[in-house]
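The sequence and structure are shown first.

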Amino acid sequence: MTPPIVRGSITARPWAGHPLGRIWRAIRHPSQRAPRWAIDDRPLLVRRVLLLALIVVSAMLGTDYMAEVLPRHGRSWNELGILALFAVLFAWISAGFWTAVMGAWVLLRGGRDAVTRVLDRPHDASAPIEADVRTAIVMPICNENVVTVFAGLRATFESLRATGQLGHFDFFVLSDTSKPDLRAAEQAAFGALRDELGLADVAASGGGLYYRWRQHRSKRKAGNVADFCRRWGRAYRYMVVLDADSVMTGECLVSLVRLMEAHPDTGIIQTAPTATGNSSLHARVQQFGAAVYGPLFTAGMQFWQLGESHYWGHNAILRVAPFMAHCGLAPLPGDGAMSGEIMSHDFVEAALMRRAGWKVWVVHDLPGSYEQVPPSLLTEVQRDGRWCHGNLQNSRLMFEPGLHAVHRSVFVTGLLAYLSAPLWLAFLVLSSLLIAHQAHELPQYFVSPYQLFPLWPTANLKLMLTLFGMTVALLVGPKLISLGVIVASGRAREFGGTARLLASALLEFVYNMLLAPVRM
């Protein structure tokens with residue numbers, strides 16, 4: 001059951017390919033050159049330069065200490081390899097630490113340039129939405145748990161109805177389900193939900209609930225959303241994309257529409273979903289970690305990314321017209337696993353939206369957005385396998401012309417999120433080989449037969465302890481900073497008080513520390 005079709009088009013622009021061939025292509029096809037940004041629309045670079053400087057200085061300092069600790073101080077090929085890996089990995093953890101520091105600044109002092117500040121003004125927060133502003137809430141699904149899908153959809157619908165703004169929204173369940181029994185269950189659950197919500201008749205002016213099964217499935221979720229846009233996109237100004245396990249409150253949805261209306265230069269606003277919905281031990285630990293540490297990093301990303309932020313593919317609002325005009329995804333050329341249809345489409349769509357001149361924001365301070373986390377380690381690893389594949393694919397677009405430097409850095413961080421584990425493993429292997437090959441050159445710590453304690457070289461010991469302390473500070477510091485922010489802001493009572501918060505944080509740390517080798 002669907003509304004009348006209003007045809008539109010999404011054109012996928014071919015990717016530029018290898019950067020060495022761009023000059024020749026620009027000469028042959030001058031009309032296809034990438035658009036350039038207006039200088040007035042680009043955010044100030046001070047924050048980004050500051051972040052980059054902090055990361056570089058931290059990596060240089062740590063690598064210099066590491067070189068002093070090594071037996072030959074980096075004058076052998078083996079040690080040079082160790083130092084190169086250490087520099088990359090130290091810069092990686094430094095980026096997380098300094099992002100957390102910036103996030104603490106935002107959480108404690110407030111973000112003066114946050115896109116949500118308009119909601120602090122009572123007139124803007126309660127102003128009625130204009131009659132011609134229509135928003136589609138789309139939920140692409142594929143072989144999902146039917147009960148979870150329609151329970152979340154019902155909660156979102158009823159919450160939105162309670163705001164009195166339901167007439168500005170329509171709901172679409174976009175099914176790519178391939179299993180006949182699941183498809184039959186979806187259709188039965190959809191019909192039952194319409195009856196329970198009192199929607200026996202199709203709403204013509206908003207508040208409708210629709211279901212469509214796509215027979216010809218292509219391009220996975222991105223293709224499903226694009227198919228919706230071609231059929232009905234022109235009938236809506238905005239589109240909220242949900243995952244199968246997403247739930248959003250009516251207040252959050254209405255606030256997103258008001259934010260888009262207040263910022264006509266914005267193409268995407270991404271919320272920071274709260275992890276909830278599962279009761280297994282693994283899920284509870286991950287939900288706690290996301291609730292305690294997630295807002296800190298999201299606020300930090302908002303601080304230095306500003307209007308060139310992430311889009312995570314769900315629990316976000318998009319401006320439909322520029323999305324259709326600029327965010328079509330062409331397949332990556334070539335053969336093999338790194339070619340073909342783009343899997344992690346959300347990062348790419350955000351980069352394309354910004355390349356076209358539209359801002360992309362992530363907001364950390366808009367409540368009412370929820371998602372589920374994997375209930376077990378196995379399902380988490382399966383999900384991470386898909387994400388890893390998609391981020392490796394996106395690395396091919398790192399030098400695509402016209403993309404902003406922030407989105408190029410997003411591709412880099414997405415790549416390092418999964419390459420950091422094998423890089424740490426390579427670092428450990430090289431370090432072990434160094435010890436094995438140069439054991440006869442290492443200092444002798446036990447010089448007598450009955451010596452109980454080693455005799456440490458004083459200089460090396462100080463350097464080793466300093467380097468160890470720096471590494472621990474960068475790894476554990478963000479957790480301590482986040483706990484400090486929660487206690488300082490009086491939010492510890494949300495976690496049962498300060499004592500329970502700290503005890504839970506310790507349990508979460510030990511649990512994830514034990515799982516780290518498995519994840520690697």
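## Overall make-up

The protein chain contains 15 helices and 10 strands, taken as DSSP runs numbered from the N terminus (helices: H or I, at least four residues; strands: E, at least two). The model is predicted: local features need pLDDT of at least 70, side-chain atom pairs count only at pLDDT 80 or more, and totals for chains, interfaces and linings use all residues. Residues are numbered from 1 along each chain as its sequence is written, and side-chain values use heavy atoms, with hydrogens and water left out.

Of the 520 residues in the protein chain, 44% are buried (under 20% relative accessible area, with a 1.4 Å probe and protein chains only). The accessible surface of the chain is about 25800 Å², and carbon and sulfur atoms account for 63% of that surface; the areas come from the Shrake-Rupley method with a 1.4 Å probe. Among contacts (heavy atoms within 4.5 Å) between residues at least 6 apart in sequence, 81% join residues at least 24 apart.

## The seven-stranded sheet

An open sheet of 7 strands runs in the order β3-β2-β1-β4-β8-β6-β9, and its pairing is mixed; two strands pair if DSSP finds at least two bridges between them. Strands β3 (209–213) and β9 (359–363) are at the edges with a single partner strand each, so one side of each lacks a neighbour in the sheet. From one strand to the next, the twist averages 20°.

Within this sheet, β1 (residues 135–141) and β4 (residues 238–241) run parallel and are joined by 4 bridges. I137 has V240 in β4 as its bridge partner. Helix α6 (residues 180–196) lies across β1, β2 (169–175) and β3, at about 170° to β3; such angles run from 0 to 180 degrees between N-to-C directions, with axes fitted to C-alpha atoms, for helices over the stretch in contact.

## The three-stranded sheet

A further open sheet has 3 strands in the order β5-β10-β7, with mixed pairing. Its edge strands, β5 (247–248) and β7 (274–275), each pair on one side only. Strand β7 runs parallel to β10 (residues 369–371), and 2 bridges join them. Opposite A275 stands E371 in β10.

## Packing of α3 and α9

The axes of helix α3 (residues 77–109) and helix α9 (residues 281–305) come within 7 Å and cross at roughly 90°. This makes α3 roughly perpendicular to α9 (65 to 115 degrees).

Residues of α3 in the contact include G96, M102 and W105, and those of α9 include L296, F303 and W304. By class, the contact has 13 nonpolar, 4 polar and no charged residues. Here Ala, Val, Leu, Ile, Met, Phe, Trp, Tyr, Cys and Pro count as nonpolar, Asp, Glu, Lys and Arg as charged, and the others, Gly among them, as polar.

Technical notes: Parallel < 35°, antiparallel > 145°, perpendicular 65-115°, else oblique. Buried < 20%, exposed > 50% of the residue type's maximum accessible area, 1.4 Å probe, protein only.
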